[in-house]
Amino acid sequence: MTEQPQATTANIEWRGNGVPVSTEFGDVYFSSNNGLEESRYVFLQHNQLAQRWQNLSSNTFNIIETGFGTGLNFLAAWELWQQNAPANSQLHFISIEKYPLTKQQLSQALAHWPELKLLADQLIANYPHPIPGQHRIELNAGNVCLSLIFEDIEIALADLQHNNIKCDAWFLDGFAPSKNPAMWSRQTLEYITALSEVNTSFATFTAVGRIRRDLQQLGFEVTKSKGYGIKRDMLSGVLKQHTPAAMQWYSPVKHSTDINSIAIIGAGLAGAHIAYGLAKLGINAHVFEEQDSCAQGGSGNDQGILYSRLSHEKLHLSEFSLAALLYSYRYYQALFNSGVLTEKDDGELNGSIQLAFNDKTKVLQEKLKQRFSNDSLIKWLNCEEISELAGIEIEHNGIYLRDSGWLNPQQVCKKLLKQPNITLHTNSKISALDYADGWHLTGGPSTKFDAVVICNASGAMSYTQSTDLPLKSIRGQISYIPLAGAVDRPNLPVCYEGYLPPPQDNQQCVGATFNLNDTSTQLSTADHLTNLAQLQQYLPTYYNSIMYNNVAAEKLKGRASIRCATTDYTPIAGQLADQDKFIQQYIPLAKNAKRTISGAAPLLPNCYVSVGYGSRGLSYSPLCAQHIISLITNTPSPLSSKLVSATHPARFLLRDIIKGKATIED
Ligand code: SAM
C-alpha cells in the first residue's frame, strides 16, 4: 500500500498551556479551552449523529475521518455512540493519518480531557506501533471498531474505494487548507465523494470557498453555518447524487439480504475464530467437525508460537504476515483480558526470540533495521542479552519480538467454541454443499443456512465449490523431552530453524519438522531425531542440559499433524468465485492483462473459505476471520485492498486467466 519504509511520526511542540502544535504544519491539533466542545459541535452535531444513532435502522454505522491526530474526535464520537446507539450495533470509525503521534504524545495530548479518561485509556492501551498500513483496534467488546490507517490521505482513500467501503458520515479534519493542501486536494474530495452514498453527510471546521464549491460540484448539498466559538463559519452537508465507483476483481461484493444462520465447516483455529466473532455480534454459528472434538488437525498441538517471519521488503506475504501478527496479538490479549483465555494455562504473550542462527537470518535481521528501528516492536540483542531474557544459555544474537508469545491452540479453539451463540456438531462429516435458496449440507441437518464458510484445510478440495484451490499438505511433528532436575528453562519462545516454547508440566516441546506432501500422522523416530538434531545444532548448551540422560528418540512422545498450505504461502480467505462466470467476465485479460473490466466479480452466494495457514494458524487466522466476518456482515474489512487481493480465493484463477490457462468447462 505504501513505499514509505516507516511511518514518520508527528513533530509536536507543546504550548505553555499544553496544547499540541504540529511543527510541520504550524497548526494546532485542538484548541485548549474548547477543543472537545468544538469537536462535538462541528463533527457530531453537524453530522446529526445523536439523532441518526437513536434511529439507526441497520446494525452498523461507518465514519471516516481525514486526520486522526490525537484521537479527540474519535473519543468524542465513541462517547456519543455509547449514549445513543442500540446495544447490539457496531460503530466502524476509519481514520487516516500520515504522521501518527507516538503513544507518549497521544497520552500527553489526551490528558487534557479528564472526562474522556476511561475511553482514552483504552485507546492508549491499544494504540498501534507507527507502522504504515491499516491497524484494526476493537474496543467496547468489539462494538466500536477503530481502523487506523497510517498512510497518505489519497493512497488510503483509493484503497478504501477498492475495498468497496461506504461512508455514512465524514469528519474532514486536516489542518487548515492553506497549511495542509494535500488533505483538501480536488482528488481527495473526489475520493470522498466516491466513498459516499446518497445522504452520506460530512462536516468540517473550514469554510474555504474553493472547498465548498468543489464539494457542491461533486454532488454535495453544502450548508454554511456559524463556526464554533469565535470562528465565523463552518461547512456541513449531504450527498445528493452518486455515481457508483468502478469495482476491482477483488473488491468485496455487498449482499442485499441479512445473514442470520451460518454453517462453518471445520472446528480448528480458522473456524473457531469466525464462529466466535460472529457469535459476539449475536449471529448464530453452527460449526461442523468430522472428528469427535475440535482442533484435531493442524490446530491440535498444545503449544504454538504467535509470530511472523518479518521482512524488510514489502511483499504481499510479508505485509500480510506483519498485519496478521499485529492484529492477532491485540486480539489474543483481549481474550486474556476478558477471561476467555487464562494466562499461563492457555499461553503467555510476553514476546518471543528469533535467533540469527545462520548467515541468511543474520543478513535478514540486519535489514529489518531499515524498517523497524523506529518502533518498539523489535529489539536487536546480542547473545548475552538474549540469554538473560530467555533464562537459558543462548549462543546466537537475534531479535526480541514484542507482540508475540505462545498459545495452546487446542485450548484456544475449545474456549472460543464454548461461547454463547455457537453450536459445535462433532462427528459431522459434511460431504457436499448445494445451493438452492440457501446452503444445504450433505451430512448435516436438514435445515438450510444463509451462508457457509469452508474452514477444513485440505478438506476444502472435496467440495465442488473449492476443489480447484491449490492446497498442499505438509506434515509436521513435535517432540516432547521429559525434563528432570533443576535445569534452567526458557521463559519465552525461542525460534531458530525449529522452535522451543517454555516447558509445560516438566516437558520440553521441540518443534517442528516439515515434510511436504506427507499425510501420515504416525509418530516417526526419524522426525524426533530431526527435532533433536536442530536443537543440538542451534542451542547446544540447552540441549546438553536437558539431554544429559540420553533419552532415546524412539521413546519420545510427540504429535504429528498435517498443515495445509497454499502454493504462494499466503492463506486463502474470502468469498469463492462462481468459476465459469468469473472466467467469462475476466477472459479479456488473457489478451490484455491491463484492461479495465467493470462490474462486481461473479461470486458464489454467501459461500466463503478460510484455509491454507501452514504453521502460522495462530497468527494468521484471527485477521482472516475478521475479514470473512466483514464480508458476511457487509462491514469494512480489516485488510487493506492489497491484502484483500493477496488472500482472495480467486487470485489463482485470475492468474490462470491472464496466462491463458483457464477454460470454461462444458
Ligand atoms: N482529528 C484530529 C484529532 O481529533 O485530534 C486532529 C487532526 S489534525 C487537525 C490534522 C491531521 O492530519 C494531523 O494529525 C496530520 O498529521 C494529518 N495529516 C496531514 N497531512 C496528511 C496527509 N497528507 N495524509 C494523512 N494525514 C495527514
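**Close-up views of a predicted model**

View 1. Glutamine 134 stands opposite isoleucine 149 in S7, in a predicted model in which local features need pLDDT of at least 70, side-chain atom pairs count only at pLDDT 80 or more, and totals for chains, interfaces and linings use all residues. Residues are numbered from 1 along each chain as its sequence is written, and side-chain values use heavy atoms, with hydrogens and water left out. Helices (H or I, at least four residues) and strands (E, at least two) are DSSP runs numbered from the N terminus, and two strands are said to pair if DSSP finds at least two bridges between them. Strand S6 (residues 133-139) pairs with S7 in the antiparallel sense over seven bridges, and the two form a hairpin with four residues between them, where asparagine 140 in the turn has a positive phi of about 55 degrees. Strand S5 (residues 90-97) pairs with S7 in the parallel sense, also over seven bridges, and leucine 91 stands opposite valine 144 in S7.

**View 2. The two faces of strand S7.** Seven of the seven residues of S7 (residues 144-150) are buried, where buried means under 20% relative accessible area, exposed over 50%, and partly exposed in between (1.4 Å probe, protein chains only). In a regular strand the side chains alternate between the two faces of the sheet. Val144, Leu146, Leu148 and Phe150 point one way from S7, while Cys145, Ser147 and Ile149 point the other way.

**View 3. Helix H19 and its cover.** The buried residues of H19 (residues 651-658) are Arg651, Phe652, Leu653, Leu654 and Ile657. What covers them, by contact (heavy atoms within 4.5 Å), includes strand S29 (557-566), strand S30 (572-577), helix H16 (579-586) and helix H18 (641-647). H19 is followed by glycine 660, whose phi is positive, near 75 degrees.

**View 4. Serine 520 in its loop.** Serine 520 lies in the loop between strand S28 (515-516) and helix H14 (525-538), and is partly exposed, with a relative accessible area of 31%. Leaving aside residues up to four places away in sequence, serine 520 touches Arg475 and Ile562. Serine 520 and alanine 560 are 40 residues apart in sequence, yet 8.0 Å apart in space, C-alpha to C-alpha.

**View 5. Cysteine 607.** A disulfide is a pair of cysteine sulfur atoms within 2.5 Å, and by this rule the count comes to zero. The sulfur of cysteine 607 is 11 Å from the closest cysteine sulfur, in cysteine 455, which is too far for a bond. Cysteine 607 counts as buried, at 0% relative accessibility.
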